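Please explain the structure shown below, moving from the chain as a whole to its helix contacts and then to individual residues.

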Amino acid sequence: MSILDGIPGNNRHTFMTRSYIVSLLYRESNGSRAGRDRNGTQTHQNPSSTTAPSERHEIFDHPAMATAAKSCVFIKKLALSLCFPARTISTAQLLVHKSYIFQANTSINTTDLATACLFVAAKMEETIKKIRDILAHSYMLSSSQPKGDPQSVPASVTDKMRPGVLVAEQFVLNAIGFDFRTGHPHHMYVKMAKLAGVSQATAAAGWHILADAYYTTLPIQYPSAVIAAGSLCLAWNLDCSSPQDISRFVRSALGITGDSAFARAESLDRRRRNSTSDSYPEQAQKPPRKIKMTDDWWIDFGISTDDMQSFVRQIADFYLLFFNSTVASAEFIEKNKAGLPSSDMSRRIGQWRMWLQNSSTTPVSPKT
């Protein structure tokens, strides 16, 4: 019995809480959760042999989500080779996460599934390319043969790949309940960055964070406005030269406690936002004409501080875990540089966290 059979179709069209995603991932306690590569080798373990996940990293610790993150790397490499725009790449990465969430133990070939997600995303975003071109590029990226012109791939090879990808496509369509509605944070992010008047470097850093959020389940948990606002806010905080300038909710999200004055301010802030409507961005009445980054500006977009805090915590944890062999090995990272999330952002956030933790004794800017 498929895990899809126990989930009403309408639930697939709404945003999911983190706890709901965890309940779906760990719903099946028996059987293999393994996908297979082209050689038939299992790509992740039987759940009975895995260690219990930590409460904070229970999504990242699930082997299906590690496979999904690696599939996102392949999707990005494949999409870039085909010159797909950012929105198509993001949609394909979103689809692969939804597929593994709703049926973590699928036996579909992981490369076929990633290729199918890009194929479906291309149609959803109206950036359609011939399936033969997608298959040829997928073959060149996944084969061990010397790289060459994808157009030189024989038709017999792509014809052999086609049935597996079409089966995977049907699996993806079932996973999303044939719902092709998508929301993109890209345009909203650009508008927010302009309203905030941030520097070009800060805007670029936020853009990298936004794109890398699609290697996680964050776009499934939150609307586009949360992804855009969270990316901009984290990028701005990275540029702060004084620990006192860091947003209080960011320090809390990273588990960094301050002095008693900070604790009192955090307590007051928590009481204030508990009395504030926790509506989604679509319910915001009047967007601001200007953003002041030192204020709680996201509230004007109908975004709760709790959602912003959760976004910062999860994306910061992702950068830490992905590049520390929890998700990808050093060999995998070396072979797939073109499709990886930003390693520079991972390093920068790691140094920034250490700076914040040591700020009480070493009040020095991380830029120096």
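The model is predicted, and the values discussed here are computed from it. The protein chain has 368 residues, of which 52% count as buried. Its secondary structure consists of 15 helices and zero strands. Among contacts in the protein chain with a separation of 6 or more, 71% are between residues 24 or more positions apart.

The discussion now turns to pairs of helices. Two packed helices are described by the angle between their axes and the distance between the axes. The axes of helix H8, residues 200-212, and helix H10, residues 224-238, come within 8 Å and cross at roughly 130 degrees. Angles from 65 to 115 degrees count as roughly perpendicular and those over 145 as roughly antiparallel; H8 and H10 are therefore oblique to each other. Their crossing is right-handed. On the H8 side, the contact involves Thr-202, Ala-205, Gly-206, Ile-209 and Leu-210. These meet Ile-227, Ala-228, Ser-231, Leu-234, Ala-235, Trp-236 and Leu-238 in H10. By class, the contact of H8 with H10 comprises nine nonpolar residues, three polar residues and no charged residues.

H10 also packs with helix H13, residues 305-322, at an angle of about 65 degrees, their axes being 9 Å apart. That angle makes H10 roughly perpendicular to H13. The crossing of H10 and H13 is right-handed. From H10, the contact draws on Val-226, Ile-227, Ala-229, Gly-230, Ser-231, Cys-233 and Leu-234, while H13 contributes Asp-307, Met-308, Phe-311, Val-312 and Ile-315. Nine nonpolar, two polar and one charged residues make up the contact of H10 with H13. Ile-227, Ser-231 and Leu-234 of H10 are listed in the contact with H8 and also in the contact with H13.

Another pair is formed by helix H1, residues 18-25, and H3, whose axes come within 8 Å and cross at roughly 55 degrees. H1 and H3 are therefore oblique to each other. Ile-21, Leu-24 and Leu-25 of H1 meet Tyr-100, Ile-101 and Phe-102 of H3. The contact of H1 with H3 has six nonpolar residues, no polar residues and no charged residues.

Individual residues within the helices come next. Tyr-319 lies in H13 and counts as buried because its relative accessibility is 0%. Leaving aside neighbours within four places in sequence, Tyr-319 is in contact with His-208, Ile-209, Asp-212, Ser-342, Met-345, Ser-346 and Ile-349. Ile-209 is also among the H8 residues that meet H10. Tyr-319 and Ser-346 are 27 residues apart in sequence, but their C-alpha atoms are 4.9 Å apart in space.

Gln-93 is found in helix H3, residues 86-102. With a relative accessible area of 2%, Gln-93 is buried. Not counting residues up to four places away in sequence, Gln-93 touches Cys-72, Ile-75, Lys-76, Ala-211, Tyr-214 and Tyr-215.

Thr-115 belongs to helix H4, residues 110-124. Its relative accessibility of 1% is the reason why Thr-115 counts as buried. Beyond residues up to four places away in sequence, Thr-115 touches Phe-74, Leu-78, Ile-134, Leu-135, Ser-138 and Val-165. Thr-115 is 54 residues from Glu-169 in sequence, with a C-alpha to C-alpha separation of 8.6 Å in space.

Two loop residues complete the account. Most residues other than glycine have a negative phi. Cys-83, however, has a positive phi, near 60 degrees, and lies in the loop between helix H2, residues 63-81, and H3. Cys-83 is exposed, with a relative accessible area of 64%. Glu-126 likewise has a positive phi, near 55 degrees, and is found in the loop between H4 and helix H5, residues 131-142. At 71% relative accessibility, Glu-126 counts as exposed, over the 50% cut-off that defines this class.

Methods
Residues are numbered from 1 along each chain as its sequence is written. This is a predicted model: local features need pLDDT of at least 70, side-chain atom pairs count only at pLDDT 80 or more; totals for chains, interfaces and linings use all residues. Side-chain values use heavy atoms; hydrogens and water are left out. Axes are lines fitted to C-alpha atoms, for helices over the stretch in contact, and angles run from 0 to 180 degrees between N-to-C directions. Helices (H or I, at least four residues) and strands (E, at least two) are DSSP runs, numbered from the N terminus. Angles under 35 degrees count as roughly parallel, over 145 as roughly antiparallel, 65 to 115 as roughly perpendicular and the rest as oblique. A crossing is left-handed if the near helix is turned anticlockwise from the far one by less than a right angle, and right-handed if clockwise. Contact means heavy atoms within 4.5 Å. Ala, Val, Leu, Ile, Met, Phe, Trp, Tyr, Cys and Pro count as nonpolar, Asp, Glu, Lys and Arg as charged, and the others, Gly among them, as polar. Buried means under 20% relative accessible area, exposed over 50%, partly exposed in between (1.4 Å probe, protein chains only).
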